[in-house]
Structure formats: C-alpha cells, structure tokens
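Trainee: I have just opened this one for the first time. Could you walk me through it, one question at a time?

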Amino acid sequence: MACAEIPYDFHCQRCNVEAAHHRGRLCARCALRDGLHDLLGGEPNQPALAGLVDALCVDDRPESIIVWKRSAKVQELLRTLGDGTIPVTHEGLDTVPGKPTEHLRAILQHHGLLPQRDQYLPRFEQWIDAKLAGLPDDVGQPVRHFATWHHLRRIRAKAAAGASTRGPVHSAKQEITETVKFLLWLHETYQRTAATCTQQDVDEWIASGPTTRSAIRTFFVVATKTRLNTTVTVQHRSATTSPSLSQDQRLAWIHELLTGTSESLPYRVAGMLLLLYAQPLVRVVALPTSIISNSENGMTIALGTHPTDVPEPFASTIWQHLASRPNLRTGAGSNNPWLFPSTLAGRHLHPGTAMDRLRSLGVNLLGARNRAIGELVLQCPPSLVAEALGYSPQVAFLHATKAAEPWARYAGRRISSP
C-alpha cells in the first residue's frame, strides 16, 4: 500500500482486488467462495448450488456471509445440500424447518434459483395437521373437512393467482381454532357433535365467552351448505365501537415520530404513513420504493390512483430512510424493491414486526388509522380521499358519515386529467 507507506501488498492473489486478507493472501470474497466449496463438498455441479455460491459471493459485505456460515446449523444445511441428502427443491428444504433454511430459500428464490412459492400456504397446511392431531373423531373429522374444503381450497386459489395469503391464513387459523374449542366443549359437556348441535348450544357458547367465539359462524355457514347441520344459525357480529385517537393525540404522535428518537427510522416512517395517510401497516410494509417520486414541486407518493404530495419535514425523513434502508446485506444485494426490506432476501418486512414495534410505543394502530382518515374526509371529498389513498369509496363515505360530514354533493366528482 504505497500511498500509506505500508510495506505490505494487500492485493488478493486470486482476484487482485486490494482489500484486507482473510485466508492467507485471499480477500474476503475469495475466502468465502473457498469456504462455501469446502462445505458443499467441492465446486458444485448443480446449477442451483453454483448460482447460490455466486449470489453469496457478490454480496456487498462478504464478511457478513462468512460470519453467517460459521453457524453449525448453516454448515450442516450446506453439507446436506452439497452431498445430495437434501435436494435443492422447496420440498427438500421443507424437511429441515428453521430460520437458516428460510434464509437460504429466500436467497434461492430471489436469484431465480428456485421458483417463487407462497410462504404462508405450506405452513398453513402443516399447521392444520398439527392442530387436528389427537382430537376425537367427532371433533377432528368435521373440522378437517372445514379446514380443507373451505379454507385450504380458497387459500390455494389465492396463492395460485399471486394474491397475498397472509390475511386469509390468519383469519382461517382463528376460525379453525375457535371451531375446535367449541366442538371440544360440546363433546365434553353435552356429548353432542357438529351434526347434533342445537341453536341453544351455540347461543350458550357465544354468550358465555369472549367475542372471538363468534368466529364459529363460518363453520356453521359451511355446515348448512353441506347439510351437516341445517338448524343452527350464527348472526354476523358487528363491532359496537370504533376506536379512534383524538386529533391532539394524533398530532402528538406525528411530532414524536418526526422529531423524537423513541424508534428507529424505518418504523418512524411506517408510523407516519399510518398517521398521515391512514395506511394500514399490512399495506405499508408491502409498499415498493417505486411509489416515491420527486418533481419540481417536491416529493409525491402513489398510494392510490394518483400521486399525493408529501409535505416537509416528512419528505426529508423519507429521503433519509431511502438512503439508509436496512437489511440490504442479506444475500440479495441492494436491489430489494421494497420500501421496508425484510431480513429475508427479496422480501418485505413482516407486518407483525412493524405492528409490535409501534404498539410497544403506545400507538393505538386502529385508532390512529380511523382518526387519520376521519380528518382527511373532513378536508376533502371522500371520493377524492378514496382515490388518493387506495380506499374504496364506500369506506371513505362511511368514515365521512361517522364524522358527520357526508359530502354527498361531491359523490360524482373525480380528478380530471390536466
């Protein structure tokens, strides 16, 4: 290194890149490649494994991959992939559940070395089997039919169409869980089954417990269609209250997230999108960076059918976040398209993570969203709010009605092209 007058040659003897040496006179990238070949039993012949090595070795910081592969679980996984014990397929990886496997699967999918696969569907299938294991036949059989022919078939169709299955899987799990609880109670208390259940049984169950018990409604809708039980009906439950922050509380949270240090930058940006634009966090975490644009009039964000202005100082906060997005050194490189990247290559942050972080601060998520959209429909016709924020007109008008400002005279108004 002549410029620093250090009498040592830091060039890698293989690739000739000037960098710190990690193995003999090899740089971190070349040392990583050798280490991966050692674990895989030599330079791989399989295209998927050869592509995996290349993908890991082009990472911005190969040192982080070197640390990652020191894990005993990672080493064992790579060895079994290399010797063919586990095929490099989704089915093969399913036999070794765990975080190292999911991390590796995400890298393979991101680089096109494995086909894309819905991440929630296989787990849901495994969850059904585990949930029903050991149940009496009078309970397990009708629930399995409900889980398989109603929920699983519908979720598979959504996955095949490329739609998100996170929400449907979550809802299905709750309905299946509540149905199991009810049928077990019915079996143990009255020795009756889903077929012999009475209206009084259902009414007693729902009236004597939490509101989540009303989730058995879907089971009995299906039971009526299949003629399993045509005598029981469960009314649809509507929430009697709608939580909402006061406007002063909303403004206080906006000030805290813009100027405070109570959370890291990504979660502060996510919270601002909730508080300013009434965006549910399930949608926030799945926003791509492409929705952000800059023009001579400032930053805009495309949440609906047309871009919406982003005021300062929030615009500067977003630019700061874009310049320092986390989790870009996960084997995917810096080409992750999501505004909030996950630790898994090529994926966005899980909504539950963002929800937990903001709830831990004390933010009432539903209350914040209700107040935000309630304030917006007071300032602008609901139809325009719906178009700008990606809501349906019905939802926007519902919030306007609750705010005692129906704006009915604007129902037909639309943004016209300049």
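Trainee: Which residues does His 37 touch, not counting residues up to four places away in sequence?

Mentor: Keep in mind that this is a predicted model. His 37 lies in helix α1, which covers residues 28-40. Leaving out residues up to four places away in sequence, the residues that His 37 touches are Gly 42, Glu 43, Pro 44 and Val 53.

Trainee: Does His 37 count as buried or exposed?

Mentor: A residue is called buried when its relative accessible area is under 20%. His 37 has 15% relative accessibility, so His 37 counts as buried.

Trainee: Let's step back to the whole chain. How many helices and strands are there in the protein chain?

Mentor: The C-alpha trace spans about 85 × 60 × 40 Å along its principal axes. Of the 418 residues in the chain, 43% are buried. As for the elements, the protein chain has 19 helices and 5 strands.

Trainee: Among contacts with a separation of 6 or more, what share comes from residues 24 or more positions apart?

Mentor: A contact here means heavy atoms within 4.5 Å. Among contacts in the protein chain with a separation of 6 or more, the share from residues 24 or more positions apart is 58%.

Trainee: Now the largest pocket. Which helix gives the most to its lining?

Mentor: The largest pocket has a volume of about 700 Å³, and 23 residues line it. Two helices, α6 (99-110) and α9 (166-190), each supply at least two residues of that lining. With 3 residues, the helix that gives the most is α6.

Trainee: Which lining residues lie nearest the centre of the largest pocket?

Mentor: By class, the lining has 9 nonpolar, 10 polar and 4 charged residues. Nearest the centre of the pocket lie Asp 118, Gln 119, Ser 164, Trp 338 and His 348.

Trainee: What about Thr 165: which residues does Thr 165 touch, not counting residues up to four places away in sequence?

Mentor: Thr 165 sits in the loop between α8 (137-160) and α9. At 0% relative accessibility, Thr 165 is under the 20% cut-off and so counts as buried. Setting aside residues up to four places away in sequence, Thr 165 touches Asp 118, Tyr 120, Leu 121, Ile 155, Lys 158 and Ala 159.

Trainee: On to the rings. Are the rings of Trp 185 and Trp 205 stacked, edge-to-face or tilted?

Mentor: The count of aromatic pairs comes to 8. For Trp 185 and Trp 205, the ring centres are 5.3 Å apart and the planes meet at 40 degrees, so this pair is tilted.

Trainee: Which helices hold Trp 185 and Trp 205?

Mentor: The pair links distant parts of the chain, with the two residues 20 residues apart. Both are buried, because Trp 185 has 18% relative accessibility and Trp 205 has 6%. Trp 185 is in helix α9, and Trp 205 is in helix α10 (residues 199-207).

Trainee: Which charged end sits over the ring of Trp 205?

Mentor: Trp 205 belongs to one aromatic cluster with Phe 146, Phe 182, Trp 185, Tyr 190, Phe 219 and Phe 220. Sitting over the ring of Trp 205, 3.6 Å from its centre, is the charged end of Arg 213.

Terms used:
Residues numbered from 1 in each chain as written. Predicted model: local features only at pLDDT ≥ 70, side-chain atom pairs only at ≥ 80, totals over all residues. Heavy atoms only, no water. 1 Å grid on protein atoms, 1.4 Å probe; cavity = no way out; pocket = protein on both sides within 12 Å on 5 of 7 lines; lining within 4 Å. Points joined across faces, edges and corners; volume = space filled by probe spheres on them. Helix = DSSP H or I, 4+ residues; strand = E, 2+ residues; numbered from the N terminus. Nonpolar A, V, L, I, M, F, W, Y, C, P; charged D, E, K, R; others polar. Buried < 20%, exposed > 50% of the residue type's maximum accessible area, 1.4 Å probe, protein only. Phe/Tyr/Trp six-rings, centres within 6.5 Å; stacked < 30°, edge-to-face > 60°. Lys NZ or Arg CZ within 6 Å of the ring centre and 35° of its normal.
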